[in-house]
Amino acid sequence: MKSRDLRLVPVALAVWAAALVCVFQPGLAAACALVCGVAAGVVLLVLLARGRHGAGLVLLMLAAAAATALSVGYALPSREAAAGQGGRVVEAVVEVTSSASTGQDGRLWVEATTQSLGPPGRARPVAVPVRIGTATADGIDLGARLRVVGETSATEAGERAVLVLYATTTEVVQPPSGVFGVAATARRAFVDRALRLPEPGGALLPGLAVGDTRAVGSDLDEDMRSSGLSHLTAVSGANCAIVVAAVFGLTALCGGGRALRVVLAATALSGFVVLVTPEPSVVRAAVMAGAGMLSVLLGRPSAGAGVLALSTIMILVSDPWLAATPGFALSAVATGALILLAPPLSRGLRRWMPGPVALAIAVPLSAQLACGPIIALFAEQQSLIGVAANLIAEPAAPVATVVGLLACLAGPVPAVADLLAATAWLPATWIATTAQVTADLPGATILLPAGIGSAALVAGLGAAVVVVCLEGGSRGPR
């Protein structure tokens with residue numbers, strides 16, 4: 001078996017570590033950039049003078065860490081100026097940068113980037129990320145420009161949004177334009193069409209296909225979390241892989257060559273990201289898919305771990321605050337587990353079951369084992385039936401995604417769109433029903449206090465499971 005190329009993994013870990021240090025301790029960003037930059041210069045001189053092997057990796061780690069620290073330092077003046085508005089009533093003109101979701105307080109929450117911010121009537125130009133809660137739903141789409149008035153609160157260190165703005169007045173200054181306007185119109189039409197279908201499938205379908213989770217009620221959302229299926233509630237990195245694979249396969253069936261497959265897949269992926277809104281997990285998956293397609297075009301397919309590491313480096317250097325977001329961490333770690341852990345787990349499980357069954361179990365098991373410790377850091381609930389629920393529900397996810405997307409694109413032809421939406425409703429209902437049934441099973445979840453202790457416990461139990469499975473793969477049948 002060909003060994004995996006893991007050379008970029010230490011670089012990605014160095015970038016992630018530098019990002020965490022700098023976003024939680026912004027005052028250290030300049031010092032971190034200086035120290036890493038000077039150290040990189042020293043290593044470069046040693047490398048040029050003596051040509052020592054292995055120093056290139058250290059040089060790359062230091063240079064990438066310095067770039068990450070510089071990225072934080074560049075954003076700090078604007079962030080500090082905006083943070084000074086915390087606890088005040090402000091007026092802001094913002095551009096929406098995410099899909100909207102309904103919070104437990106009943107507000108509609110979106111991520112946005114400010115264009116101006118300050119006291120009412122005296123706002124000044126500044127560009128920082130903020131999180132906005134509003135009671136208005138009309139016109140709140142990706143790319144829309146809003147004028148918002150409300151009270152703010154400053155966020156804690158490490159959070160990507162500088163301020164949380166509780167809007168009392170929300171005015172749509174300019175609706176989405178260009179491709180974002182077309183995507184918003186298509187998305188709204190599809191959501192309206194899906195919501196005419198019976199629940200719970202009708203409520204879940206917009207989230208599966210286009211990332212709109214506003215119709216998912218609190219009960220269904222809780223069932224999805226308890227059953228370990230919350231990654232299916234909205235569009236995640238897996239959907240990017242589904243879109244790329246579908247276009248690759250269809251082009252191959254039509255006789256298209258490698259270059260044509262890559263071009264069409266890249267075009268479809270770009271349109272998909274715009275349609276579902278570029279959430280962190282989708283951006284990460286899109287960058288990874290882009291790097292993978294480039295390697296295919298060049299005729300040198302990279303190891304999955306190297307592609308994931310490269311995408312992680314690029315994203316964190318451009319936006320270091322993503323390093324502290326649970327969603328991005330879960331997305332990257334789950335992908336890494338599928339690349340590195342699922343294959344050996346599958347080989348180990350074959351001593352107990354046929355190969356296809358072992359692979360089917362190894363995929364959700366590896367993701368759950370890797371993500372469990374991260375979940376335990378932030379949440380008090382651990383799913384014990386996640387692997388079984390995923391085995392039942394996962395086969396329906398690609399069907400709901402692809403057919404749902406086709407229904408969205410077929411909006412101008414209502415009869416075809418209705419037929420496709422009804423078809424996609426079937427797998428969506430299967431997923432929702434799986435969540436409801438498995439979440440009600442006795443012992444479906446266990447409660448642990450969130451924190452490092454619980455994360456260490458979950459990691460230890462996961463490591464034990466991995467050891468047992470790998471032992472099976474190395475020693476053969478017993």
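**Exercise 1: a loop residue**

Ala-324 sits in the loop that links α10 (304-318) and α11 (326-340). Which residues is Ala-324 in contact with, leaving aside its neighbours within four places in sequence?

*Solution.* Before we start: this is a predicted model, where local features need pLDDT of at least 70 and side-chain atom pairs count only at pLDDT 80 or more, while totals for chains, interfaces and linings use all residues. Numbering runs from 1 along each chain as its sequence is written, and side-chain values use heavy atoms, without hydrogens or water.

Step 1. Go through the partners of Ala-324: they are Leu-20, Val-23, Phe-24 and Gly-158.

Step 2. Now try a C-alpha distance. Leu-76 is 248 residues away from Ala-324 along the chain, and their C-alpha atoms are separated by 16 Å.

**Exercise 2: Ser-116 and Arg-258**

Decide how each residue is classed by accessibility: is Ser-116 buried or exposed, and what does Arg-258 count as?

*Solution.* Step 1. Pick the cut-offs: buried is under 20% relative accessible area, exposed is over 50%, and partly exposed is in between (1.4 Å probe, protein chains only).

Step 1. Take Ser-116, which belongs to strand β3 (residues 108-118). Its relative accessibility is 16%, so Ser-116 counts as buried.

Step 2. See what is around Ser-116. Skipping neighbours within four places in sequence, its contacts are Glu-91, Ala-92 and Val-93, plus Ala-123, Arg-124, Pro-125 and Val-126. Ala-127 is 11 residues from Ser-116 along the chain, with 7.0 Å between the two C-alpha atoms.

Step 3. Turn to Arg-258, found in helix α8. At 44% relative accessibility, Arg-258 comes out as partly exposed. The C-alpha atoms of Arg-258 and Phe-248 are 8.9 Å apart, with 10 residues separating the pair along the chain.

Step 4. Apply the buried label to a whole element. Helix α12 (residues 342-349) is mostly covered, with 6 of its 8 residues buried: Ala-342, Pro-344, Leu-345, Ser-346, Gly-348 and Leu-349.

**Exercise 3: how helices cross**

*Solution.* Step 1. Axes are lines fitted to C-alpha atoms, for helices over the stretch in contact, with angles from 0 to 180 degrees between N-to-C directions. Under 35 degrees is roughly parallel, over 145 roughly antiparallel, 65 to 115 roughly perpendicular, and the rest oblique.

Step 1. For α15 (residues 396-409) and α16 (residues 414-439), the axes come within 8 Å and cross at roughly 155 degrees. That makes the two helices roughly antiparallel. Among the residues making this contact are Ala-396, Val-403 and Leu-406 of α15, and Leu-420, Trp-430 and Ile-431 of α16.

Step 2. For α5 and α15, the axes are 8 Å apart at an angle of about 90 degrees, so the pair is roughly perpendicular. From α5, Leu-205, Leu-208, Ala-209 and Val-210 meet Ala-400, Thr-401, Gly-404, Leu-405 and Cys-408 of α15.

Step 3. For α4 and α8 (residues 258-276), the axes come within 8 Å and cross at roughly 65 degrees. These helices are therefore roughly perpendicular as well. Val-179, Phe-180, Ala-183 and Arg-187 of α4 meet Val-274, Leu-275 and Val-276 of α8.

**Exercise 4: a cis bond and the cores**

Find the form of the peptide bond from Glu-199 to Pro-200, then list the residues that touch the most other members of the largest nonpolar core.

*Solution.* Step 1. The Glu-199 to Pro-200 bond is cis, with omega near 0 degrees. Pro-200 itself is in the loop between α4 (178-195) and α5 (201-210).

Step 1. A nonpolar core is a set of buried Ala, Val, Leu, Ile, Met, Phe, Trp, Tyr and Cys residues joined through side-chain atoms within 4.5 Å. The largest one has 46 residues, and Leu-204, Val-210, Met-224, Leu-232 and Ile-431 touch the most other members.

Step 2. Zoom in on Leu-204. Leaving out neighbours within four places in sequence, Leu-204 contacts Val-216, Leu-220, Met-224, Thr-233, Ala-428, Ile-431 and Ala-432.

Technical notes:
Helices (H or I, at least four residues) and strands (E, at least two) are DSSP runs, numbered from the N terminus. Contact means heavy atoms within 4.5 Å.
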